[in-house]
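These are my notebook entries on a structure I looked through element by element. The sequence and coordinates come first, and the entries follow.

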Amino acid sequence: MTELGKLALAYLGLLLLLALTVASSLVDLDGFNTPINLAIAAAKAAIIALVFMHLVRAGALSRLAVAAVAIWLAILFGLTLAGL
Amino acid sequence: MSDAIESAAFDTAERERRADTFGMWVFIGSEAMLFGAVLLLFFAARFHYSAAFAAASKHRALTLGTLNTAVLITSSFFMALAHFHCSARRWRATTWSLAATALLGLVFLVIKGSEYAMEFHEGIAPVLGAPFAFDGPHPEQAQLFFALYFAMTGLHALHLICGMAVICWLLAFWRRTPVANRMRRVPAVGLYWHFVDIVWVFLFPALYLINR
């Protein structure tokens with residue numbers, strides 16, 4: 001697929017996920033609304049990072065920076081939410 | 001000309017490009033810690049005050065929030081197009097894409113501003129000394145929701161304004177910018193813009209969609 005095709009596909013995917021997350025919030029899924037909304041947000045973030053921010057073909061240094069963020073955020077959220 | 005080096009600190013253009021990208025990712029990492037901490041604060045408060053937060057969340061204008069998310073996603077798409085055209089040295093297409101990105105950022109801010117105006121009018125904006133009145137359950141807990149809402153969206157809007165300022169600066173000096181610098185700066189501002197988009201992708205469900 002051409003580079004332009006990938007970008008367009010990512011854009012369409014993002015709009016589709018937006019429609020999905022809004023639609024899911026209009027029905028009561030008995031406690032599953034928030035996990036679904038957050039999972040869709042994570043999927044959108046992944047599309048933006050991998051395609052728009054070119055993380056797919058980024059070098060080892062950039063991946064290292066992203067991994068460091070993931071680890072620190074995991075500590076921040078993990079320890080805090082474990083204490084709630 | 002694309003192999004010219006801007007800083008004396010680097011031996012080769014490739015090294016400088018890699019350092020630029022790495023520096024941007026480290027910067028984005030520090031920003032992610034900032035927004036991550038604020039989001040975590042919001043979720044912790046929501047855990048304790050779920051009923052009040054759900055009631056307060058219903059006061060968000062879902063249509064405007066959804067529209068704004070679409071606007072910001074589209075702006076990110078145009079930023080990705082700017083990067084795409086810049087790599088192929090199609091300068092006219094690059095500048096038009098950058099201008100479209102900044103313009104969509106402005107559209108986002110106008111919509112956000114009209115939402116703010118509605119909230120001040122409704123009296124549910126506990127910022128800048130404005131009066132606060134909420135007729136749902138636990139008004140003091142709802143006040144915390146709205147305070148966090150204004151803090152989070154305000155911080156996000158500030159980042160968007162910074163991104164727009166950088167794009168305008170890039171466009172204003174575009175003709176005088178050497179090719180090598182164009183090819184470094186467009187991807188760098190792109191990374192920042194996409195990150196600000198990702199922040200909104202998480203703010204939107206947290207603030208607009210919870211327990212509707």
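**Domains of chain A.** I looked up the domain assignment of chain A and found domain 1 (1-53) and domain 2 (59-84). I then took the C-alpha centres of domain 1 of chain A and domain 2 of chain A, which lie 22 Å apart. I note here that the model is predicted.

**Confidence.** I recorded ipTM 0.93 and pTM 0.93 for the model. For chain B the mean pLDDT is 90, and 98% of its residues reach 70 or more.

**Helix α1(A).** The 24 residues of α1(A) should span 34 Å at 1.5 Å a residue, and the end C-alpha atoms are 35 Å apart, so the two values agree. I listed the buried residues of α1(A) as Tyr11(A), Leu14(A), Thr21(A), Val22(A) and Ser25(A). These buried residues pack against α2 of chain A and also against α3 and α6 of chain B.

**Overall form of chain B.** I counted 6 helices and 0 strands in chain B. Along the sequence, the pattern of chain B reads α-α-α-α-α-α. Taken along the principal axes, the C-alpha atoms of chain B fill a box of roughly 65 × 30 × 30 Å. Of the 212 residues in chain B, 40% are buried. I also checked sequence separation: among contacts in chain B between residues at least 6 apart in sequence, 75% join residues at least 24 apart.

**Largest nonpolar core.** I found 66 residues in the largest nonpolar core, and those with the most contacts inside it are Phe145(B), Val199(B) and Leu203(B). At least two residues of this core come from each of α1 (3-26) and α2 of chain A, and from each of α1, α2 (50-57), α3, α4, α5 (139-172) and α6 of chain B. The largest share of the core is that of α6(B), with 19 residues.

**Helix α4(B).** I noted 32 residues in α4(B) and a reach of 47 Å from its first C-alpha to its last, close to the 46 Å expected at 1.5 Å a residue. Its buried residues are Thr94(B), Ser97(B), Leu98(B), Thr101(B), Ala102(B), Leu104(B), Gly105(B), Phe108(B) and Glu119(B). What covers the buried residues of α4(B) includes α3, α5 and α6 of chain B. After α4(B) comes Gly123(B), which has a positive phi near 80°.

**His83(B).** I placed His83(B) in helix α3 of chain B. Is His83(B) buried or exposed? I count His83(B) as buried because 26 C-beta neighbours lie inside 10 Å, against a threshold of 20 or more. Leaving aside neighbours within four places in sequence, His83(B) is in contact with Val186(B), Pro187(B) and Gly190(B). I also took the separation from Trp174(B), 91 residues away along the chain: the C-alpha atoms of His83(B) and Trp174(B) are 15 Å apart.

His54(A) is not a glycine, yet its phi is positive, about 60°. His54(A) lies in the loop between α2 (33-52) and α3 (60-82) of chain A. With 17 other C-beta atoms within 10 Å, His54(A) is partly exposed. Arg89(B), a residue other than glycine, also has a positive phi, near 60°. The loop that holds Arg89(B) runs between α3 (62-87) and α4 (91-122) of chain B. I count Arg89(B) as exposed because it has 12 C-beta neighbours inside 10 Å, and the cut-off for exposed is 12 or fewer.

Technical notes. Residues numbered from 1 in each chain as written. Chains lettered and ligands numbered in written order. Predicted model: local features only at pLDDT ≥ 70, side-chain atom pairs only at ≥ 80, totals over all residues. Helix = DSSP H or I, 4+ residues; strand = E, 2+ residues; numbered from the N terminus. pLDDT = per-residue confidence, 0-100. Domains from an automatic or database assignment. Contact = placed C-beta atoms within 7 Å. Core = buried A, V, L, I, M, F, W, Y, C linked by C-beta atoms within 7 Å. Expected span 1.5 Å × (residues − 1).
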